[in-house]
Amino acid sequence: MSKSGTILYLDGVSVSFDGFRAINNLSLVLDRGEMRAIIGPNGAGKTTMMDIVTGKTKPDSGEVYFNGEIDLTRHDEADIAMMGIGRKFQKPTVFESHTVEDNLMLSLKGPRSIFPALFHRKTADEARRIDDILGIIRLGDKRHMLGANLSHGQKQWLEIGMLLAQDPKLLLVDEPVAGMTDAETEETARLLKDIAKTHSVVVVEHDMHFVRELGVKVTCLHEGSVLSEGTLDFVSADDRVVEVYLGR
Ligand code: ADP
């Protein structure tokens, strides 16, 4: 299959830990600009798949390409982050003693620029970018609030904003709505749909109501391979998917 037009291209990828195949001949293709939801029971290989994409884990075999041309297996984690693959882990990690705006500024400037980020005036361009991101993450009226005082959901949004500040081409988002209220979950679906207008996004999620709100193609993993792929209605009507979720 052609890699052109893809943002992420995995073909025949396998990885074993102590003889156990966590990822087994996995093939998964994401078009540039696409948002995809990845589901699957515990142990299906979702985290390991993300680890392979971000360079944390090297596959034993198979192809992993970014943007149709970059062989990710040849790069380390730091390189891959610099290339524009941003990952958000499940637990939010914002700087609690800094304001929302300063959190974004720190991400915009990069981790080695703490003093310039916090003590210098923002350029007009930086101020504009921060305003744009605050709009996307629904925190415009919280810009001066300390990270510590945000709700759990707002911290998740801020962390997504911090990723956006790094200008990624592909965002990997792990269970963004775990622990959120229903209202925050719905807002998160809208927020990610806004982001997906300009970015490619992979969302790993267990909450099927949320996946339905996203309204995107779904890939169900099981035992390290793709079990089923298509609309949520298609995947959730697939007997094999029902079987692995119900454990029959
Ligand atoms: P998921 O994120 O879908 O729950 P994981 O990718 O975390 O699944 O795990 C897939 C399988 O690989 C699990 O059986 C897990 O125990 C195993 N696994 C993952 N990472 C390691 C590791 N570093 N060492 C040994 N086994 C691992």
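Me: What share of the contacts in the chain between residues at least 6 apart in sequence joins residues at least 24 apart?
Reply: The share is 65%. A contact here means two C-beta atoms, placed from the backbone, within 7 Å. This is a predicted model; local features need pLDDT of at least 70, side-chain atom pairs count only at pLDDT 80 or more, and totals for chains, interfaces and linings use all residues. Numbering starts from 1 along each chain as its sequence is written.

Me: How do you know that the radius of gyration agrees with a compact globule?
Reply: The rule is 2.2 Å times the number of residues to the power 0.38, with the radius taken over C-alpha atoms. For 248 residues that puts a compact globule near 18 Å, and the chain has 18 Å, so the two agree. The C-alpha trace spans about 55 × 40 × 35 Å along its principal axes. The chain holds 10 helices and 10 strands. These are DSSP runs numbered from the N terminus: H or I of at least four residues for helices, E of at least two for strands.

Me: Why is glutamate 205 called buried?
Reply: Buried means 20 or more other C-beta atoms within 10 Å of the residue's own; 12 or fewer is exposed, in between is partly exposed, and C-beta atoms are placed from the backbone. Glutamate 205 has 24 C-beta neighbours inside 10 Å, so it counts as buried. Its place is the loop between strand E8 (200-204) and helix H8 (208-214). Beyond four places in sequence, glutamate 205 touches Ala37, Ile39, Glu175, Val177, Phe210 and Val211. The C-alpha atoms of glutamate 205 and alanine 37 are 6.9 Å apart, with 168 residues separating the two along the chain. In the chain as a whole, 41% of the 248 residues are buried.

Me: Why is aspartate 167 exposed?
Reply: Aspartate 167 has 12 other C-beta atoms within 10 Å, so it is exposed. It sits in the loop between helix H6 (152-165) and strand E7 (170-174). Its phi is positive, about 60°, although aspartate 167 is not a glycine.

Me: What makes glutamate 223 partly exposed?
Reply: Its count is 15 other C-beta atoms within 10 Å, so glutamate 223 is partly exposed. It lies in the loop between strand E9 (218-222) and strand E10 (225-230). That hairpin has two residues between its strands, and glutamate 223 takes a positive phi near 50° there.

Me: How do you know that E9 and E10 pair?
Reply: Pairing takes at least two DSSP bridges between two strands. E9 and E10 have five, in the antiparallel sense. One of the bridges sets valine 218 against glycine 230 in E10.

Me: In what sense do E6 and E7 pair?
Reply: They are parallel, over four bridges. Glycine 86 stands opposite leucine 171 in E7. From strand E6 (residues 85-88), Ile85 and Arg87 point one way, Gly86 and Lys88 the other, and all are buried.

Me: What makes a set of residues a nonpolar core, and how many residues has the largest one?
Reply: The members are buried Ala, Val, Leu, Ile, Met, Phe, Trp, Tyr and Cys residues joined through C-beta atoms within 7 Å. The largest such core has 65 residues, and Val53 and Val203 have the most contacts inside it. H6 gives the most to this core, with seven residues.

Me: Which residues are around the ligand?
Reply: The test is a C-beta atom, placed from the backbone, within 6 Å of the molecule. The residues around the ligand are Phe17, Phe20, Ala22, Gly40, Asn42, Gly43, Ala44, Gly45, Lys46, Thr47 and Thr48. Strand E2 (20-31) and helix H1 (46-53) each supply at least two residues of the shell. H1 gives the most, with three.

Me: How many residues of that shell are nonpolar, polar and charged?
Reply: Four are nonpolar, six polar and one charged. Ala, Val, Leu, Ile, Met, Phe, Trp, Tyr, Cys and Pro count as nonpolar, Asp, Glu, Lys and Arg as charged, and the others, Gly among them, as polar.
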